[in-house]
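Please examine the sequence and the three-dimensional structure shown here.

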Amino acid sequence: MKKIIFYTLALLTAIAYTSCVSEVDDAFDKSSAQRIQDAMENDKDVLTSAANGWIMEYYGSPTETSFGGYNLIMKFSKDSVEVASEKAMDPYRTVKSHYKIEQSAGDILSFDEYNELIHYFSTPVALEDGWTDGYGFEGDHEFRVKSASKDSIVLQGKKHGARVVMTPIPDEYATNWEGYLKKVKEVEEEMIFSSYKLFIDKDTVDVSPKNRSFIFSYKELNEETDSLDDKTNQICYIVTPNGVKLYNDFAYGDYTISGFEYKDNADTYEAYKLPNVVLAPEFPSLTQQLTNKNNVWWITRENLSDPLKAEWDIADAGLAKLNETFRYVNLQTKSNHFGLYIRNYNTKKKAIVSANDAGMVWFTATEIAADKVKLTFKDECKKNTDCDDGGAYYLNPKKVKDFNHAVYTLATKEGKIFTMTTDRLKKPSYIILTEDADPSNVIKLKVAYEDFKKLSE
């Protein structure tokens, strides 16, 4: 009886094994080596199939404090890739290099030949402020292929693990990669400010950007203590022609926020598909914009009121004795000093003076109110204390007669207080300074470059 049972069990086991082997053979009718080869060939087919190229949303180490995302554009051929980058816009350029698909516990897209636009992010060198030597941006140049289709390719950094998504470049930018990256830059300039308020129904969340990430600060109910606790959530973002896209969604109450939509000339930005969630920038004061190191405010003779024209003409007559005249004049912050920057034209040599001969007179700008600024000049010019060398030369009455007539229209030892007006607080194209003590003294500062006056031939 025991033998019968034994042989019966053995027969059933053999039948079951044969059935399983048949199913496995049906499911894997190719060898593992062939399946791996087919998968890699499919990945390459997808990479090379995008006629316009791919937009890569490139991120480094996926931590809260990483450095946000940047746009790379790539066009793949059989064994090479052409790359453009946000970091290569001045001047715009593309760089070609070799790539390969290889197998290492899954398909790997490897940029195995040095490409300055890709390896800029994977080098451990601190190439920018905030990066740390030995870590750099913490990006990758080898990526695991998580999925690949004609609509998108999802990658994961092999070393640092960031999610990197590639999508086909839109037809409107098919032959204009530079235009795509310029639009990204334009959107960033329009949308990114030093602070915001995020309005979610009746709630308000403070938002501040840092390293292409948003820091969301808000109150959250602690159910154990029945009190409101301070919470912060830092989420990286990337800028696109359509707005700002978050690396991870920001969850707040019943809302899931993936980013904010850009619209031309808008002062606030709605969250994607959430019209009742609005990101409102808090614009810098006019004094802050006047002294911002990224802004240059140009002065022209025609934008001076008549009393001030007369003063600048006196200064220009003093320069004429040196065969010079004002070429361009502006207010700017340079080397951490705000003040009047002057560069002249040599009327005898018919050439602009060298940068070494340019002058800058340093002012102190004090914010009196949201629309008022006080400009002070120490009424002297000692080397490396109140102006650069050129400014010291111009303010020396033994060398340049009456140059201070121009300087004193803007600042004096006692200080001049100006009321400021503009066309648009968010992004002014001009600021008009009107002196409180004498409203006939008016100076219009413009963003767009212009010579101080037309040169007479």
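Strand S1 is largely enclosed by the rest of the structure, because six of its six residues are buried. Here, buried means under 20% relative accessible area, exposed means over 50%, and partly exposed lies in between (1.4 Å probe, protein chains only). The model is predicted: local features need pLDDT of at least 70, side-chain atom pairs count only at pLDDT 80 or more, and totals for chains, interfaces and linings use all residues. Residues are numbered from 1 along each chain as its sequence is written, and side-chain values use heavy atoms, with hydrogens and water left out.

- Helices (H or I, at least four residues) and strands (E, at least two) are DSSP runs, numbered from the N terminus.
- In a regular strand the side chains alternate between the two faces of the sheet.
- Both faces of S1 are covered: Trp54, Met56 and Tyr58 are buried on one side, and Ile55, Glu57 and Tyr59 are buried on the other.
- Two strands pair if DSSP finds at least two bridges between them.
- S1 (residues 54-59) pairs with strand S9 (residues 163-168) over four bridges, in the antiparallel sense.
- Within this pairing, Glu57 has Val165 of S9 as its bridge partner, and Trp54 has Pro168 of S9.
- The pairing of S1 with S2 is also antiparallel and runs over six bridges.
- The bridge partner of Tyr59 in S2 is Gly69.

**The sheet and the helices on it**

- An open sheet is formed by nine strands in the order S4-S3-S2-S1-S9-S8-S7-S6-S5, with antiparallel pairing.
- Strand S4 (95-98) and strand S5 (100-103) stand at the edges with a single partner strand each, so one side of each is left without a neighbour in the sheet.
- On average, neighbouring strands of this sheet are turned by 35° against each other, direction ignored.
- Axes are lines fitted to C-alpha atoms, for helices over the stretch in contact, and angles run from 0 to 180 degrees between N-to-C directions.
- Contact means heavy atoms within 4.5 Å.
- Helix H2 (residues 32-49) lies across S1, S2, S5, S6, S7, strand S8 (153-157) and S9, and runs at about 155° to S5.
- Helix H4 (residues 177-191) packs on the sheet and touches S1, S2 and strand S3 (80-85), its direction making about 170° with that of S2.

**Aromatic pairs**

- Rings of Phe, Tyr and Trp (its six-membered ring) pair if their centres lie within 6.5 Å; planes under 30 degrees apart count as stacked, over 60 as edge-to-face and the rest as tilted.
- The structure holds 35 aromatic pairs.
- One of them joins Tyr70 and Phe137, whose ring centres are 6.0 Å apart and whose planes stand at 65°, so the pair is edge-to-face.
- This pair links distant parts of the chain, 67 residues apart: Tyr70 lies in strand S2 (residues 69-76), and Phe137 lies in the loop between helix H3 (116-122) and strand S7 (142-148).
- Tyr70 and Phe137 are both buried.
- Phe76 and Phe111 form a tilted pair, because their ring centres are 6.3 Å apart and their planes are at 35°.
- Phe76 is in S2 and Phe111 is in the loop between strand S6 (107-110) and H3, so the pair ties together parts that are 35 residues apart in sequence.
- Phe76 and Phe111 are both buried.
- Ring pairs link a cluster of residues, among them Tyr58, Tyr70, Phe76, Phe111 and Phe137.

**Charges over rings**

- A charge sits over a ring if NZ of Lys or CZ of Arg is within 6 Å of the ring centre and within 35 degrees of the ring normal.
- The charged end of Arg163 sits over the ring of Tyr247, 4.3 Å from its centre.
- Lys444 lies over the face of Tyr430, 4.5 Å from the ring centre.

**Individual residues**

- Ile257, in strand S15 (residues 255-261), counts as buried at 0% relative accessibility.
- Not counting residues up to four places away in sequence, Ile257 touches residues including Leu198, Ile200 and Phe250.
- Glu138, in the loop between H3 and S7, has a positive phi of about 65° although it is not a glycine.
- With a relative accessible area of 24%, Glu138 is partly exposed.
- The peptide bond from Asp90 to Pro91 is cis, with omega near 0°, and Pro91 lies in the loop between S3 and S4.
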